[in-house]
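Hi,

Here is the model I promised to pass on.

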Amino acid sequence: KQLKAFPKDFLWGSASAAYQVEGAWNEDGKGPSVWDEFVKIPGKTFKGTNGELAVDHYHRYKEDIALMKEQGLKAYRFSIAWTRIFPNGRGEINQAGLDFYINLVDELIANGIEPLVTLYHWDLPQALQDEYMGWESRQVIDDFVNYATVLFETFRGKVKYWISLNEQNIFIQLGYLMAVHPPAVVDPKRMYEANHIANLANASVIKKFHEMDMPGQIGPSFAYTPNYSFDSNPLNVLAAEDTEDIMANFWLDVYAWGEYPIFAMNYLKEQGVAPTIEPGDMALLKEGKPDFLGVNYYQTATHVFNPLNGVGMGKMNTSGKKGSSEETGMPGVSKKVANPFIDRTNWDWEIDPQGLRIALRRMTSRYRMPILITENGLGEYDKITETNEIHDDYRINYLSSHVKAIQEAITDGVTVLGYCTWSYTDLLSWLNGYQKRYGFVYVDQDETQNGSLTRYKKDSYYWYQNVIATNGEEL
Ligand code: GCO
């Protein structure tokens, strides 16, 4: 079948997040975020690694942008650290912090690279966590809108693509159910309450963006793991559909329609963990309709039915050894099983390029909205040779098969605005330190090398350079 060409203005991009790259954690008036504090708790991150220095992008952004320019990158997605703008979450603007992003955006634009800005990539001001428990209080809504408004005013006309919340489903579930992200709580009721408040904050910021008549587009980035049934046993098929409702539609329906899905909501009510919905909430969710849906795609998940006394929450693989994750499941709903048709990474993430096509198609048939792929990539151990080369053919295979799947989805009729690989440079993996690398650009990190922070181009850097130059014709 003849594949459609990528659109001429397709955003060939790459991404990062403030805490994972910037470093300079307490410079120029920055306040502490929940992550600055969380990493200090023993045992929470791989060997206690943190983002205090990260890859020092705060001081090396010009060097990083020069590499982007040389590669031909069309778009760079990064996040703004709330605590650089408002060290305590609100109050006086910290001009030095804002200036960093003004310089960053100007440098990108001067180099012909479209800035895609994420407003929130998990680094909540610690002050707001202390004052009113962060996402668990409705006070966070006004503070988030206030912070976003400053950025909208500052970057009006310069930044055309905005991402409201990054992976709300992840920071909420890992923060309030699995206790592996701050605030390290295990409480489904509190999780769904915080999640509802995050939905209201998300909708409020989008509404504000539209009220301000901002040129450009805004949408959330959802970490979408499409769910499959293990086989054609109707029990398993239903298990997969229920999982899709509870784990995906529960966020995507709210973003796109301002509605919670019926089956998932019933399930939460049965469990006694459904969020409290106040008068006016649902109307607000409908008013904050995004212009596009952002999707972070890494993997799919395959399920069988799980009896009521079946497995519960397992453990995720943070060891970097294949096969070391524990079984996970929702008793009475589903249990995740290995998909015999696909291989996994060393961190047990299933490698499934067709799953990306399926994700894009499902989202399109359900919501009919343009999609921006805000993340996709492979975390691996990379080796640098004595002559400073990094032969990451496994990453090239991963990325090229996924780009091909996007082209197939476009041919099927999906509207895709752009594609951001995760990540541009190597960076801090929240729970896995610096050994799990995602970048096109290798960074010499203490944990694995000498700590000089020198940048080296991987083979995948040159591969993507050619993809961009041929607008996706050569993969
Ligand atoms: C990791 C993760 C992250 C995420 C990203 C989500 O290894 O820590 O893969 O890097 O992909 O931050 O938006």
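Below is what turned up, going from the fold to the ligand and then to the backbone.

First, the ground rules. This is a predicted model, so to speak of local features I needed pLDDT of at least 70, with side-chain atom pairs counted only at pLDDT 80 or more, while totals for chains, interfaces and linings use all residues. Residues are numbered from 1 along each chain as its sequence is written, and side-chain values use heavy atoms, with hydrogens and water left out.

The fold has a closed barrel of eight strands with parallel pairing, in the order β1-β2-β3-β4-β5-β7-β11-β12. Helices (H or I, at least four residues) and strands (E, at least two) are DSSP runs, numbered from the N terminus, and two strands pair if DSSP finds at least two bridges between them. On average, neighbouring strands in this sheet are turned by 25 degrees against each other, direction ignored. Axes are lines fitted to C-alpha atoms, for helices over the stretch in contact, and angles run from 0 to 180 degrees between N-to-C directions. Strands β1 (residues 11-15) and β2 (residues 75-79) run parallel and are joined by three bridges, with A15 standing opposite R77 in β2.

Helix α8 (residues 168-176) packs on the sheet, where it touches β3 (114-120), β4 (161-166) and β5 (217-223); contact here means heavy atoms within 4.5 Å. The direction of α8 makes about 45 degrees with that of β5. Helix α9 (residues 188-211) lies across β3, β4 and β5 and runs at about 160 degrees to β5.

Now the ligand. There are 14 residues around it, and Q20, N166, E375, S429 and Y438 come nearest (near means a heavy atom within 4 Å). By class, that shell has six nonpolar, five polar and three charged residues. The protein covers 94% of the 340 Å² of accessible area that the ligand has on its own (Shrake-Rupley method, 1.4 Å probe).

Last, the backbone. Most residues other than glycine have a negative phi, and most peptide bonds are trans. The bond from P182 to P183 is cis, with omega near 5 degrees, and P183 sits in the loop between α8 and α9. W422 and S423 are also joined by a cis peptide bond, with omega about 10 degrees.

Cheers

Technical notes: Ala, Val, Leu, Ile, Met, Phe, Trp, Tyr, Cys and Pro count as nonpolar, Asp, Glu, Lys and Arg as charged, and the others, Gly among them, as polar.
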